[in-house]
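These are my notebook entries on a structure that I went through piece by piece. I wanted to look up the loops, the domains, the ligand surroundings and the charged pairs, in that order.

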Amino acid sequence: MKELDIDGMQGKGGVINRRSFVKGAAAACAGLATGGPALRALAPDTAHAKGALAEGKWVSSCCVGCTSWCSKQVYVINGRAVKIRGNPHSKTNGINSCPRAHLALQQVYDPDRVKSPMKRTNPKKGRNEDPGFVPISWDEALDMLADRIMELREKDETHKFMLMRGRYTELRDLLYDRLPKIIGSPNNISHSSICAEAEKMRYFQEGQWAYMQYDIPNTRYVLIWGADPLVANRGVSSYLNSWGRALDNARIASVEPRLSGTGSKCDEWLPVKPGYDGALASAMAHTILVEGMWHKPFVGDFFDGENRFIPGHEINEYTFLEEHTHGLAKWWNLYLKDASPEWAEPLCGIPADQIRRVALGFAAAAPNCISWVGGGPAMQPRGTYGVLAANALNGLTGGCDNIGGVLRYNSRSYQGFPSLDDYMDDIAKVGVKKEKIDQRGRLEWPNLASGRSGGGVNTNNVADAIINEDPNEIKVAMGYFNNFNFSCPGTGRWDQAMSKIDFFAHLTTHASEMSFYADIVLPVNHCMFESWGTLDNSSNGYRSVSLMQPAIERLWDTKSMETEIPWLLAEKLAQRGFDNLLRYYQTIVDPETGKSPANDKEFELYAIKHRMQHFWDPAQSKGGDKFSGWEEFVEVGVWNSDPYSYRARWSNMGTKTGKFEFYSETLKDALESHAEKHNTTVDHVMEVCNYLARGDLAFIPHYEEPYEWGDPVEYPFKFVDYKARLNREGRSSNCPWYLQLKDLDPGDKSYEDVAKLNPIDGERLGIRTGDKIRLTTPVGSIVCTASLWEGAQPGTVAKCFGQGHWAYGRYAAKVFGKEALGANNNDIIPVDNDRLSGSTAFYGHIRLKVEKA
Ligand SMILES: Nc1nc2c(c(=O)[nH]1)N[C@H]1C(S)=C(S)[C@@H](COP(=O)(O)OP(=O)(O)OC[C@H]3O[C@@H](n4cnc5c(=O)[nH]c(N)nc54)[C@H](O)[C@@H]3O)O[C@H]1N2
Ligand SMILES: Nc1nc2c(c(=O)[nH]1)N[C@H]1C(S)=C(S)[C@@H](COP(=O)(O)OP(=O)(O)OC[C@H]3O[C@@H](n4cnc5c(=O)[nH]c(N)nc54)[C@H](O)[C@@H]3O)O[C@H]1N2
Ligand code: SF4
Ligand SMILES: [Mo]
């Protein structure tokens, strides 16, 4: 590829020429927003207040920068987006915005977007192979893809088709579910298990396979485990707004190996040793029981009110009468009685005094308290038990489903798409029954999402499965909104796997690392500005469902990933004699007129109207905000639910007993059926999956020694990976603001990719801020810049995820397609998993050494 070939792609012309646009972007980047249609996101709002921007219009949409999915409005002048703010109609995030919302402008107007379909001219695939992309028409691109799919169908090989996705909108089923099934493939692979699945293992205590909202406005104590809510996690815009109130009314404690953005504004920092959360949480639970501080209306009490929780002593199970919980006495007897703060101190590195103080402070705020369990303790080998231990504190204190506590998302009702049963032919019916490529459900992959053996995806294992052709080879693949060659630990495996696939179509805004292995690249709309779509979020005791709409004029020859492209592909398949997909798509009619879609644009519009009918159609309303019809809904752009009903889940949880399960009958059931399926015992499953628990311990929260990669003598440090404030997941790196404002992360430097070390370690190793250093783990080595910073505890190295792109455009890579800027953490993170949830491990297991480069 010549220097940035994607650059050479011509735009549709007419709307704006690339050169003037680059100039505009550069000006904005330098902070020289000078009026007119230049990017003005960081300019003060005074001009608008005075009416100077009155010629434009605020259009509602939704941000996909992170999983907060905030309701937004975009200010549009002459078809160009110039500014973003929170949608004032939203009851969750309201007018508030996190800082990275504005980067969406630099994404959509990025001069390095893919501007027309492209095909590969170099048949060889590999990291050092220039794909030799040349522009082609949509017709040619989709003909190529349709031909390859028809070949699979003719040979009864539809299970050799695979669809992968990263982000999505709630129109996802049209592409992610219906397309592979109707073609006849079992392989729809989401990115969920490299995201945050292990967090959802709280399912085994409270029956919710879901993320939670946190009742910050009403809370009196927030204890945060490995999440940085002012920076990352979900609900950022909303919590940024309510946090001030929490700082006034509540105590906030952060359990984090590094000083996070949230940690820097809290009452207590507990700098836990990476991987030891389970010990700390168990000791807190022990303390709460010993001191008699559990919340009696939720948990219950001894029959006579006398506290028999004496360290080291078992209790008689029958003396404790539980209310809305299950198995407290078993948990105490099997484990907790010995988990004192003094036991935990040498393990987790937190002084016993601090453990007691925080545990008792937390319990004193009960039931208006939150144990907020983020990715840190979860996304580790053995992370399941860290999650159960930290989440159990919500059970002990009755913060579960309570005012000022941890709430589920309010319910909302998207309308499902019509059934596909009549559109799956015999080939498809056979194909979808074949084993999924990710091997979920095998003995060593319980992946117990929603309590089912093989219930969840195994994203990162797909690379190995493709390489080993186990269960089968993959011949034709599509990927959208994903970049697994960058975002998964063990990046080289993905390079190898993607090189093996005969034909790969990447649906993307940018030619990224994964696109390098593509046979065709299909340029997609930026879903916040250029497509219809919807996503939702929950906080403040509400749920908001936002509408995304084509707010601006498309600059390039792009299409919507979940609607227009599948429709056009369906037409191509129909031309080849296989019309099932097209006929299925035609069943999604305009709810107002009953008309079937005749083209890709109508399909998109009818699909969104269908999906959201319960929100905008007053006759179909299922509660929450009401609208007069579609037009009004498009204008407002967000539906809000009714307020939260607290405590409705008490004794009405989705667990086996209906209670909050300290001893999880639900997990026992799931593990036993997984073991039975493989003709073995639960103990054997635990052994194969690399957990230490045997017997009943497998069903209760407890500490598992972290499984580490690397000998502590050779690799004396532990690595702490985390999300940067301006990371829009893996997608901000080509935004100049991302690099310019990198120092928003404490200890970071603009235009640098730094690894942060404690000054004590720096002095010992003779390393100073600004030195180039090499970080080496047992699986790889990267070079970055040292920053000495007290917020990294001694013995650890903290580094943001996000840089190290070698193919994401002119700012993200040093030389596009050849040389990375900064370093990708995933080049040194060993591939490992929390196998009960199927999650990829990012934390707790990584040992490394640090040298001057
Ligand atoms: N070391 C480390 N690795 C991590 C993480 C971490 O914290 N540390 N975080 C993990 C998490 S939580 C997640 S969710 C994953 C995310 O990882 P992925 O699901 O792989 O997604 P992204 O890397 O965000 O990028 C998606 C790709 O989609 C394309 N794209 C960008 N914008 C758009 C758009 O608007 N539309 C479409 N269709 N395509 C677009 C680009 O090619 C981009 O590279 O990464 C995981 N990987
Ligand atoms: N700014 C920003 N926000 C985002 C995203 C983004 O890319 N950027 N992505 C969104 C996505 S896709 C997701 S899934 C969510 C995830 O939201 P979080 O769960 O908040 O994010 P992670 O970065 O996975 O959390 C890891 C945290 O755990 C800490 N940590 C590492 N090791 C340990 C440990 O052993 N114990 C403890 N207690 N903590 C540890 C890290 O320092 C880090 O703060 O964030 C969303 N929000
Ligand atoms: S919190 Fe996430 S979704 Fe919300 S505005 Fe910020 S980047 Fe966008
Ligand atoms: Mo994620």
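Predicted model: local features only at pLDDT ≥ 70, side-chain atom pairs only at ≥ 80, totals over all residues.

**Entry 1, backbone.** I began with Trp-69, which I found in the loop between strand E1 (57-62) and strand E2 (71-77); helices (H or I, at least four residues) and strands (E, at least two) are DSSP runs, numbered from the N terminus. Trp-69 has a positive phi of about 50° although it is not a glycine. I noted beside this that most residues other than glycine have a negative phi, and that most peptide bonds are trans. I then looked up two cis peptide bonds: one joins Ala-366 and Pro-367, with omega about 5°, and another joins Asp-470 and Pro-471, with omega about 15°. Pro-367 sits in the loop between helix H12 (352-364) and strand E15 (369-373), while Pro-471 is in the loop between helix H16 (461-468) and strand E17 (476-480).

Residues are numbered from 1 along each chain as its sequence is written, chains are lettered from A and ligands numbered from 1 in the order in which they are written, and side-chain values use heavy atoms, with hydrogens and water left out.

The domain assignment, automatic or from a database, gives the protein chain domain 1 (114-195 + 411-524), domain 2 (212-408) and domain 3 (717-852). For domain 1 and domain 3, I read a distance of 29 Å between the C-alpha centres, and 27 residues of domain 1 in contact (heavy atoms within 4.5 Å) with 27 residues of domain 3. The area buried between domain 1 and domain 3 (accessible area, 1.4 Å probe, that two parts lose on being put together, summed over both) is about 2,300 Å², and carbon and sulfur atoms give 58% of it.

How many salt bridges does the rule find across the interface of domain 1 and domain 3? I noted one, where the rule asks for a side-chain nitrogen of Lys or Arg within 4 Å of a carboxyl oxygen of Asp or Glu. Glu-729 forms a salt bridge with Arg-167, and their closest N and O atoms are 2.6 Å apart.

Around ligand 1 I counted 30 residues (a heavy atom within 4 Å), of which His-191, Asn-483, Ser-487, Thr-508 and Asp-721 come nearest. A polar backbone atom of Asn-483 is 2.8 Å from an oxygen atom of ligand 1, and a polar side-chain atom of Lys-723 lies 2.9 Å from an oxygen atom of ligand 1. Ligand 2 is surrounded by 34 residues, the closest being Glu-256, Arg-258, Asp-277, Asn-727 and Tyr-843; a polar side-chain atom of Arg-258 lies 2.7 Å from an oxygen atom of ligand 2. Trp-69 returns at ligand 3, whose surrounding residues include Cys-63, Cys-66, Cys-70 and Cys-98 besides.

The structure holds 59 salt bridges, and I picked out Glu-170 with Arg-412, whose closest N and O atoms are 3.6 Å apart. Glu-170 lies in the loop between strand E6 (161-165) and helix H5 (173-183) and Arg-412 in the loop between strand E16 (406-407) and helix H15 (426-431), so this pair ties together parts that are 242 residues apart in sequence.

Note on methods
Polar contact = N/O pair within 3.5 Å; in protein donor to acceptor, adjacent residues only side chain to side chain.
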